[in-house]
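Work through the exercises below with the sequence and the structure open. Try each task before reading its solution.

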Amino acid sequence: MNAQAHYDNHLAAFYAWMSGNFDTKQQEQQAYFTNKHIAPGGNGVALDLGAGHGLQTVSLANLGFSVFAVDFNQHLLSELNARAKGLPVRTILANLANTGQYGMDAELIVCMGDTLTHLESVEQVNTLIGEWYRMLTPKGKLVLSFRDLTQPLEQEERFVPVRAEDERIHTCFLEYFPGYVSVYDILLEKQQGQWIQKVSSYRKLRLGIEQVKMMLTAAGFMVQDHEVIMRMHYLVAAKPGA
Ligand SMILES: C[S@@+](CC[C@H](N)C(=O)[O-])C[C@H]1O[C@@H](n2cnc3c(N)ncnc32)[C@H](O)[C@@H]1O
């Protein structure tokens, strides 16, 4: 199944539950931006690519940006709209591959929470980094966060418990192939006293951190910051000023 079908038919319905407490996670993202001095200083426009239910969008809007939140899943964008009531946020239902559907001058572009690995190929990631560079205004910034899946988990390590409650259990199973990982989201739900299992899978790219840094540099960016938080690589890259 491709990533969009996986979200539309399976993951989007329980993504917010799986992610845990929204306010806690959102405050962590906001604290990250504050620590890295991410604040409006130009046209005030931020693009949140693969916005999901809004952890980064709400954070950036709280920090004073006008945020355009792009995602291909309507369910998650509806949840985001409910979270972002009263904030300067617009949603755009689009595939990140189609930059023409969300192209604009922005001083900040973020693609976070492992969205980058959902893209179809390394070549597509490379092309998009170049197109995002061109969308950014001089001195604009690109912030990425993703998991480096180049080192495979082995044997039983590949069964990752995500969340478990009385009526719902979510586990991920990872199967490694050259260049990509098949991610199986296994959901067990108790319905009228019976456990029902639903399984769906999609591919994640095995992007290496050094590989992504090289793509950024080749596109013209200066990589300003790299930090690993909870096994997720966070990068801040800047477009040189005019
Ligand atoms: C792992 S979630 C991250 C969401 C959010 N940034 C966060 O940190 O919680 C990935 C998101 O990207 C979206 N997505 C993945 N590939 C996409 C694509 N090609 N175009 C648009 N949205 C995409 C999914 O629908 C999902 O909301």
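**Exercise 1.** Describe the hairpin that E10 and E11 form, and its turn.

Solution. Step 1: E10 and E11 form a hairpin with two residues between them. Strands and helices here are DSSP runs, numbered from the N terminus (helices: H or I, at least four residues; strands: E, at least two). Step 2: in the turn, Met230 has a positive phi of about 50 degrees. Step 3: strand E10 covers residues 222–229 and strand E11 residues 232–238, and they pair in the antiparallel sense over seven bridges. Two strands pair if DSSP finds at least two bridges between them. Step 4: Val223 stands opposite Ala237 in E11.

The model is predicted: local features need pLDDT of at least 70, side-chain atom pairs count only at pLDDT 80 or more, and totals for chains, interfaces and linings use all residues. Residues are numbered from 1 along each chain as its sequence is written, and side-chain values use heavy atoms, with hydrogens and water left out.

**Exercise 2.** Find the order of the four strands in the open sheet, and state what packs on the sheet.

Solution. Step 1: the order is E6-E7-E8-E9, with antiparallel pairing. Step 2: strand E6 (159–165) and strand E9 (194–205) are the edge strands, each pairing on one side only. Step 3: on average, neighbouring strands of this sheet are turned by 15 degrees against each other, direction ignored. Step 4: helix H1 (residues 3–19) packs on the sheet and touches E6, E7, E8 and E9; contact means heavy atoms within 4.5 Å. The direction of H1 makes about 120 degrees with that of E9. Axes are lines fitted to C-alpha atoms, for helices over the stretch in contact, and angles run from 0 to 180 degrees between N-to-C directions.

**Exercise 3.** Which residues come nearest to the ligand, and how much of its accessible area does the protein cover?

Solution. Step 1: of the 19 residues around the ligand, Gly50, Gln56, Asp71, Asn95 and Leu96 come nearest; a residue counts as near if one of its heavy atoms lies within 4 Å. Step 2: a backbone N or O atom of Gly50 lies 2.8 Å from a nitrogen atom of the ligand. In the side chain of Gln56, an N or O atom is 2.8 Å from a nitrogen atom of the ligand. Step 3: the ligand on its own has 590 Å² of accessible area, and the protein covers 95% of this (Shrake-Rupley method, 1.4 Å probe). Step 4: H1 and helix H3 (55–62) are the elements that give two or more residues to the shell.

Definitions and conventions. A polar contact is a pair of N or O atoms within 3.5 Å; within protein, one must be able to donate a hydrogen and the other to accept it, and residues adjacent in sequence count only if both atoms are side-chain atoms.
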